[in-house]
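Subject: Structure handover and notes

Hello,

Here is the structure I said I would pass on. My notes follow below it, grouped by region.

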Amino acid sequence: MIRASRRGVLAGALAVPTVAGLAHWRWRHGEASVLLHDPALEAGRRFAEAGATRGGEVVAIEGDRIRLARKVLERKPALIAGVSRHADALMIEEVAREAGYVPVAALHGRGRACTDECQPGWAALGRLAQAAEGNWIEALADYAVRPGELAGASIASALPARADPGLVVGWLLVQRG
């Protein structure tokens with residue numbers, strides 16, 4: 001049996017919005033986000049193009065994934081977003097966990113929705129992806145470049161809808177609060 005005190009419940013309730021808002025706060029105070037993409041995937045190339053168009057730092061997932069992840073993590077970005085195959089997302093996530101990052105959202109290509117992997121406080125990202133429909137990749141790039149702004153849904157909805165294969169996953173990592 002787990003005992004919960006009023007103080008413990010309040011601390012937990014206060015921690016959720018704090019963790020969800022941390023990346024946005026850090027981004028507003030000069031820390032950048034990094035967008036990782038698999039250039040072998042059409043969805044990855046779309047993510048890179050959308051991120052670069054919006055002024056984001058875009059890095060291709062090529063070569064040794066572990067070395068690439070460590071190199072990106074050395075700069076301690078406030079937020080790391082990616083569009084890749086599931087295996088690459090898991091490998092990069094594992095290295096990021098060692099550096100103090102936690103996964104907060106995962107969006108699967110066919111469903112364009114936040115999966116059960118989305119943490120409390122990050123469900124809005126799933127709703128944003130659903131509203132953008134086939135352009136969820138562009139909406140994710142817009143969010144990653146400008147966290148906290150919901151322009152992604154309106155920008156992406158102006159584009160023609162595109163289908164994505166089921167092997168594509170969009171993901172988001174932030175530093176542990």
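I start with a pair of helices: Arg 65, Ile 66, Ala 69, Arg 70 and Leu 73 of α3 are in contact with Asp 88, Met 91, Ile 92, Val 95, Ala 96 and Glu 98 of α4. Please keep in mind throughout that this is a predicted model. The axes of α3 and α4 (residues 86-98) lie 9 Å apart, and the packing angle is about 45°.

Is it buried or exposed? Glu 74 has a relative accessibility of 66%, and because the cut-off for exposed is over 50%, it counts as exposed. Its C-alpha atom is 8.8 Å from that of Ala 99, although 25 residues separate Glu 74 and Ala 99 along the chain.

The loop between α3 (65-74) and β3 (79-85) contains Lys 76. Lys 76 is not a glycine, yet its phi is positive, at about 50°.

Overall layout

The chain has seven helices and six strands. Read from the N terminus, the order of elements is α-β-α-β-α-β-α-β-β-α-α-α-β. The chain has 177 residues, of which 46% count as buried. Among contacts with a separation of 6 or more, 70% are between residues 24 or more positions apart.

Confidence

Mean pLDDT for the chain is 77, and 67% of the residues reach 70 or more. Residues 1-20 have pLDDT below 50, and in the model this stretch makes six contacts beyond near neighbours in sequence. Residues 151-158 are also below 50, with 13 contacts beyond near neighbours in sequence. Where pLDDT is low, the predicted coordinates should not be read in detail.

How many of the ten residues of α6 are buried? The count is ten of ten, and the helix is mostly covered. The buried residues are Trp 136, Ile 137, Glu 138, Ala 139, Leu 140, Ala 141, Asp 142, Tyr 143, Ala 144 and Val 145. Both α5 and α2 pack against α6, as set out next.

Helix α5 (residues 123-132) packs on α6 (residues 136-145) at an angle of about 140°, and the two axes are 8 Å apart. Roughly antiparallel would need an angle over 145 degrees, so α5 and α6 count as oblique to each other. The crossing of α5 past α6 is right-handed. On the α5 side the contact is made by Leu 125, Leu 128, Ala 129 and Ala 132, and on the α6 side by Trp 136, Ala 139, Leu 140 and Tyr 143.

Helix α2 packs on α6 at an angle of about 40°, with the axes 8 Å apart. Roughly parallel would need an angle under 35 degrees, so α2 and α6 are oblique as well. This crossing, too, is right-handed. From α2 the contact uses Ala 43, Arg 46, Phe 47, Ala 50 and Gly 51, and from α6 it uses Ile 137, Glu 138, Leu 140, Ala 141 and Val 145.

Within this contact, the Arg 46 side chain forms a polar contact of 2.9 Å with the side chain of Glu 138. Arg 46 lies in helix α2. Its relative accessible area is 5%, and because the cut-off for buried is under 20%, Arg 46 is classed as buried. Glu 138 is among the buried residues of α6.

Asp 38

Asp 38 sits in the loop between β1 (33-37) and α2 (42-53). Is Asp 38 buried or exposed? With a relative accessible area of 3%, Asp 38 falls under the 20% cut-off and is therefore buried. Its side chain reaches the backbone nitrogen of Ala 40 at 2.8 Å. Leaving out residues up to four places away in sequence, Asp 38 touches Gly 44, Arg 45, Ile 61, Val 83, Ser 84, Arg 85 and Asp 88. Of these, Asp 88 is also one of the α4 residues that meet α3.

Regards

Terms used. Residues are numbered from 1 along each chain as its sequence is written. This is a predicted model: local features need pLDDT of at least 70, side-chain atom pairs count only at pLDDT 80 or more; totals for chains, interfaces and linings use all residues. Side-chain values use heavy atoms; hydrogens and water are left out. Helices (H or I, at least four residues) and strands (E, at least two) are DSSP runs, numbered from the N terminus. Buried means under 20% relative accessible area, exposed over 50%, partly exposed in between (1.4 Å probe, protein chains only). A polar contact is a pair of N or O atoms within 3.5 Å; within protein, one must be able to donate a hydrogen and the other to accept it, and residues adjacent in sequence count only if both atoms are side-chain atoms. Contact means heavy atoms within 4.5 Å. pLDDT is the predictor's confidence in each residue, from 0 to 100. Axes are lines fitted to C-alpha atoms, for helices over the stretch in contact, and angles run from 0 to 180 degrees between N-to-C directions. Angles under 35 degrees count as roughly parallel, over 145 as roughly antiparallel, 65 to 115 as roughly perpendicular and the rest as oblique. A crossing is left-handed if the near helix is turned anticlockwise from the far one by less than a right angle, and right-handed if clockwise.
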